[in-house]
Amino acid sequence: MAEGRETTESPETAESPETADTYEVVVVGGGGAGLSAALVLGRARRRTLVVDAGEPRNTPSAHMQGYLSRDGMSPAEFLAVGREEIARYGVRLVRDRVVDATRSTDGSFTAALAGGRTVRARQLVIATGLKDELPPVPGLAERFGRDVLHCPYCHGWEVRDRPTGVLATSALSVHQALMVTQWTKDVHLFLHEVSESDLTADDLRRLSAAGVTVVPGEVADLVVTDDRLTGVRLSDGTVHAREVLYAAPRPVPRNDLLITLGAELRETPFGSYPVIDERGLTTVPGLWAAGNASGFSEQVINAASRGYRAGAAINGELLMADLDA
C-alpha cells in the first residue's frame, strides 16, 4: 500500500470535498485493538478512519497463540483479515503516522499526519501499542521471536520440554523463571544483571522447589549453530547448552499523543500508561486508549476486546451527544 493512500474507495462511501478530512472517529493504530474498535464503529455506521504506521509489536513472531479460533494464525494474516473486515463497513484505512494532535474548544480533535494531511474527528482512539527494547546482549535481537522469547503463554507450548534459559534483568525475572517451569523442567536462570544478594529467601526457596538452576555471572553472548540457538555464553567463557532463552524486553509505551493531549498517566513497573475508565476513556473527554497503549499486559485477544469495548462506548457517546443537541 502506498504511503498515505486510503483503502475502501467505493461509490457508497465516496467522500465529498467538504467531508474528505472530517470523521466521526479517528483510530490511531491498526493492530488488534484499533481494528477491533474500527470494526464496531463501522458496523454502527460511524464515519471512521484508521491511521496505521505499520509497525505491529508482534512482527517477529511467526504465529500468535491463545486467541480462540485464531490459535496459530500468523500476525500478518490476522491483520490482513481485519483490514478486509473493516473495509466491508466503509471504514477507511490510511498507511501513515499521526505526528501531532490537538483538541479544540468544541471538544473535537485535529490530527496531523506525517504525509502532510490533516484530519478531524469528534472522538479519537489511541491504539498505538508499545515497542520492545531488548537487553543489549549480542545476538539476542536476531533470535527474538524464534528461539529467544518473552512470554511462555505465547510460546511455551511450542518449545515445551526443551533446555531453556531465562535472562535476568530485574528481580521480576525470578517470577518469569518460575512460570517457565510449567512448560519445561530444564530451566537455568542466568542472573546476568541481578546480584545473588538481590534474591530473597522466598526466591531461593521457590527456585529450588521448582528445580531451577541459578547461574551467577553476566551473559556475554549467544551460541548459534546452523541457525539454531545451542548455548548461552557467560563473560568468563563458560557455555551452558540451551535451546531456548526467555528475555524480558523493556516495554516503551507509545504514549506521545496521549501526553500531547493532556491525558493523565499512571506510573507502573512497565512504563507510563493512561488513567482510563472501564471502557477505555482517558481523563480527556473524547480521547480513548485501547490495547497496549492502555496497559502492558494486553495480549492480542485482550487488545481486541479493549478495542471492541471502546468502539461500542464511543458509538453510545456520539448518539447521546447528538440527541442532546
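Modeller: Asp277 and Arg279 form a salt bridge, with 3.0 Å between their closest N and O atoms. This is a predicted model, in which local features need pLDDT of at least 70 and side-chain atom pairs count only at pLDDT 80 or more, while totals for chains, interfaces and linings use all residues. Residues are numbered from 1 along each chain as its sequence is written, and side-chain values use heavy atoms, with hydrogens and water left out.

Colleague: Why is the contact of Asp277 with Arg279 called a salt bridge?

Modeller: The term requires a side-chain nitrogen of Lys or Arg within 4 Å of a carboxyl oxygen of Asp or Glu. The closest N and O atoms of this pair are 3.0 Å apart, so the pair meets the definition. In general, side chains of opposite charge can pair when their charged atoms come close.

Colleague: What makes Asp277 and Arg279 partly exposed?

Modeller: Buried means under 20% relative accessible area and exposed means over 50%, with partly exposed in between (1.4 Å probe, protein chains only). Asp277 has 24% relative accessibility and therefore counts as partly exposed. Arg279, at 25%, is also placed in the partly exposed class.

Colleague: How many salt bridges does the structure hold, and what parts does the pair Arg122 and Asp322 tie together?

Modeller: The structure holds 19 salt bridges. In one of them, the side chains of Arg122 and Asp322 meet at 2.8 Å, N to O. Arg122 belongs to strand β6 (residues 118–126) and Asp322 to helix α8, so this pair ties together parts that are 200 residues apart in sequence. Helices (H or I, at least four residues) and strands (E, at least two) are DSSP runs, numbered from the N terminus. Arg122 is partly exposed because its relative accessibility is 30%, and Asp322 is partly exposed at 40%. Both residues belong to a network of salt bridges that links Glu24, Arg46, Arg122 and Asp322.

Colleague: Why are Asp202 and Arg205 separated by about one helical turn?

Modeller: They are 3 residues apart in helix α6 (residues 201–210), which means a separation of about one helical turn. Asp202, at 40% relative accessibility, counts as partly exposed, as does Arg205 at 48%.

Colleague: What makes Leu319, Met320 and Leu323 a nonpolar patch?

Modeller: Patches are made of residues with over 30% relative accessible area and no salt bridge; like charges are joined within 9 Å, and nonpolar side chains (Val, Leu, Ile, Met, Phe, Trp, Tyr) within 5 Å. Met320, in helix α8, has 47% relative accessibility and so counts as partly exposed. Together the three residues have about 300 Å² of accessible area, computed by the Shrake-Rupley method with a 1.4 Å probe, where for residues only the protein chains shown count as cover.

Colleague: Which element gives the largest share of the lining of the second largest pocket?

Modeller: Helix α2 does, with 5 residues.
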